[in-house]
Amino acid sequence: MSSLRPTPTPALVVPDEQTWTMADRDPADLGADVTYSIARARRVLVADDLPPQLAEPLAQLRAVADPGNGGHVHDTHGEDTPEHAAHGHGDGDDAHHHDADGQDQSAHEHGEGHDMMAIVGEPSADGLVMEPIELRYGPLATPLPGGLAADVTLDGDVVAEARVEALLRAEPSADGRPASPDALAAAAWGEAMRRADAAPAAAGAPAAARWVRVAGIELERAINHLAWLRAFMRLLGWAEVVASVTAALIPLRVARRSLPGGPDRHTPGAVEAASDLEAAGEAIGALARRLDGSRALRLRTGGLGAVRAADAAERNLAGPIARACGVTDDARADDPLYRLLGFEPVVRQEGDALARALLRVDEAEQSAQLAHAALNRVANGDATAAQLRSPTATVEGPRGPLRARRRADGWDLDARGADAARSLAGELMVGEEWAAALVALASLDLSPWVVGR
Amino acid sequence: MGGGPGRPRLARSLALGGGPVSDLTPLAVFAVAAAGAAIVGLLEQLVAGVRPAPLALARAAAATLRQPLSRPDRRDGWLFHLAPGLLLIAALGALAFVPWAPGFRGIDLSTGAIAFAAALAYVTPAIFMAGWGAGRPLAVVGGFRWLALMLAYAMPLAMIITAVAAPAGSLRPTDIVEVQHAVPMALVQPLALALWLPAALAVCFLPPFDLPQADGELGGGAFSEYRGLDAALIGFAQRILLVAVSGMTAVLFLGGWQGPLLPPALWMALKTMAVAGLFLWVGRRLPRLEVDRVLSLAWKVANPLAILAIAYAGLITLLFYR
């Protein structure tokens, strides 16, 4: 009994559990049982640095979560003050009022003289004429990253139309320093910008610091993939695997905290982090073997959202989406530091939701091993790290290559394939039953951050 | 309580006492429901790897009750507000037909086993009313899912009850318990048990059959708009359903209250909680099933096999029970 946890409290997490985990804060640390049901939630956990684009959706969420108290709920990390009810509530003339999770309640109008006993319009795929339902899924209180929203038209419970939108854009930093344009890939963006930075300090970094940065990027990738996997398993309603992933995240997060800090120091923290990574690698490996042989996962996700290699190349898709359909495209393959570590890209062929899920688990295991190998080089005093500096630097982030180029007045930043993936998401959802469409959408691990515009 | 000579009409026995229903039956059923729901709550914590904490359960219930009732703008008022109560009545009705001991038989009807299934049928309109009444797209989807699924679950349930009742020659649950004095029906009719268990779990809309509410897909689905007392009633009703189907599983397949050394009611309670614990454990081990796959399995696999189970039951009845 002493190993049993105290009772967690159902909580909505804003912007989402994945973002919290990437910021080194797990809602489970606060005794939260993450839920996407406003009815079930008894708390709302709000991140300290919530993007401004999510302020209004959060206000709506609070209003519906606790309408009788003016939107005041038991908050953590948020303003603990009453909120005014969201606009549109109780306004019967507003044909597009939104619930707190942004669900649009409107349905298509059929013109004047609408007869309540007869539904007119085009027949659906099965020949029945049904009233289409429009809803906006997101940007909060869903298994997707906070800031990602899908405008969907349902034909019964089948998706007839879908469009996925990312709402978040990074604000430029006040002091002019390069700020990561994507909170879900801060370490990778930081490394890309550092390599592209013409400042002399970046050129003479010792080998140990470069290995530590490799370890940091790989840790970020592993944590990102596992955090995504946890949200995906919550979508599938698989409680046991959610618990297993949470357990596998712990040594990764501890290792990230143990990483030597600063660009020019290496400390005994590298040894501690390496031992945590060994434990993490074993836990992730066990998880990977379980999921790889899981018939239940295969039945639930196999064949959904399939992307062919030819389509991936034509659309210029990148990252795990492309590698899951056989495209061997990984910026790390061209990186001399990774070649020294013996890196080989992980690739699968099926291109469906199952392949994307299993690929990310495999990559998470590989990343733990790469980070471990990099830190071992630090601990062993290995000085054979290549110098890396170029005007345009590319680093493989958790979702694909991230490119940075320093200009005189700022930065050119590009996340190749991100926009293509979002437009692909809408197409993959069409024609699928709602739950299957969500699995296809969630399997893409889209970023809610728009970079470069 | 319960039992007695002849089969007096229900209304008369309520007035006179004795017969299939005594004056204390409603109170006793509610007491069993409350105790069972509390124990199920503790089992949920244990299965989830959480330290069982009755106080935490009580605090959670109190917090839910403190919430104000929800009034969704586009709700269908009557359907929305009646649904939780109907769900609770269905659950209590099903529980009332479960016998717990020779001296505590609930509503002891000669057709009690089928009446149990009939009571469960009211879960269907309750959940559909909840989904439709909320007026939100994903709530409606949840309600329609249940409408399609419950029919698929209900048919195997009724057929398996028939199969299990055949050796007893009676649909009275106490007779079914007594016919298992030598061998439990779980060993005599394993096919029937294998079909009963998923159907019984599905009727409680618990994972992996939590399709009408589906936290990740539907954000609470058919129940997404309920707060306060309504939400508490739904949670209470779901736990009572679990106690009811687990108890009937013990009656139909595990010999009910029969067992050595311990008092009958305690045996029945242990068997019921073991089945409930099994259901909760399975729910954590598997991902949520897809609607289409469940329907396909129910109609194309479970129902034909249930017919086979009836035929098999007839054969063993002729060979061993007559």
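Where is the place of Pro208(B)? Select Pro208(B) and you land in the loop between α10 (190–203) and α11 of chain B. Keep in mind on this tour that you are looking at a predicted model.

**Stop 1**

Most peptide bonds are trans, and most residues other than glycine have a negative phi.

Now hop over to chain A and select Gly138(A) and Pro139(A). The peptide bond from Gly138(A) to Pro139(A) is cis too, with omega near 5 degrees. You'll find Pro139(A) in the loop between β5 (133–137) and β6 (148–155) of chain A.

Next, pick Asp24(A). This residue is not a glycine, yet its phi is positive, at about 65 degrees. Asp24(A) sits in the loop between α1 and β2 (32–34) of chain A.

**Stop 2: a link across chain A**

Stay in chain A and show the side chains of Glu17(A) and Arg234(A). They meet in a salt bridge, 2.8 Å from N to O. Glu17(A) belongs to helix α1 (residues 17–22) of chain A and Arg234(A) to helix α5 of chain A, so the pair ties together parts that are 217 residues apart in sequence. Over all chains, the structure holds 47 salt bridges.

**Stop 3: two helix pairs**

Arg234(A) has already brought you to α5 of chain A, so color that helix, residues 207–236, along with α14, residues 434–442. Their axes come within 11 Å and cross at roughly 180 degrees. With angles over 145 degrees counted as roughly antiparallel, α5(A) and α14(A) are therefore roughly antiparallel to each other. To see where they touch, show Trp228(A), Phe232(A), Leu235(A) and Leu236(A) from α5(A), which meet Leu438(A), Val439(A) and Ala442(A) from α14(A). By class, that contact has 7 nonpolar residues, with no polar and no charged ones.

For the second pair, go to chain B and select α4 (residues 77–96) and α5 (residues 112–121). Here the axes come within 8 Å and cross at roughly 170 degrees. α4(B) and α5(B) are therefore roughly antiparallel to each other as well. Ala90(B), Gly93(B) and Ala94(B) of α4(B) make the contact with Phe116(B), Ala119(B) and Leu120(B) of α5(B). That splits into 5 nonpolar residues, 1 polar and no charged.

**Stop 4: where the chains meet**

Zoom out and display both chains. The contact takes 52 residues from chain A and 40 residues from chain B. About 3700 Å² is buried between the two chains, and carbon and sulfur atoms give 51% of that area.

Which residue of chain B forms a salt bridge with Arg300(A)? Select Glu217(B): the closest N and O atoms of this pair are 2.7 Å apart. Across the interface of chain B and chain A there are 3 salt bridges, along with 15 residue pairs in polar contact.

To finish, highlight the helices of chain B that each supply at least two residues to the side touching chain A: α2 (25–47), α3 (54–66), α7 (137–168), α11 (215–218) and α13 (264–285). By class, that side of chain B has 18 nonpolar, 8 polar and 14 charged residues.

Notes
Residues numbered from 1 in each chain as written. Chains lettered and ligands numbered in written order. Predicted model: local features only at pLDDT ≥ 70, side-chain atom pairs only at ≥ 80, totals over all residues. Heavy atoms only, no water. Contact = heavy atoms within 4.5 Å. Buried area = accessible area lost by both parts, 1.4 Å probe. Salt bridge = Lys/Arg side-chain N within 4 Å of Asp/Glu carboxyl O. Polar contact = N/O pair within 3.5 Å; in protein donor to acceptor, adjacent residues only side chain to side chain. Helix = DSSP H or I, 4+ residues; strand = E, 2+ residues; numbered from the N terminus. Nonpolar A, V, L, I, M, F, W, Y, C, P; charged D, E, K, R; others polar. Axes fitted to C-alpha atoms, helices over the stretch in contact; angles between N-to-C directions. Parallel < 35°, antiparallel > 145°, perpendicular 65-115°, else oblique.
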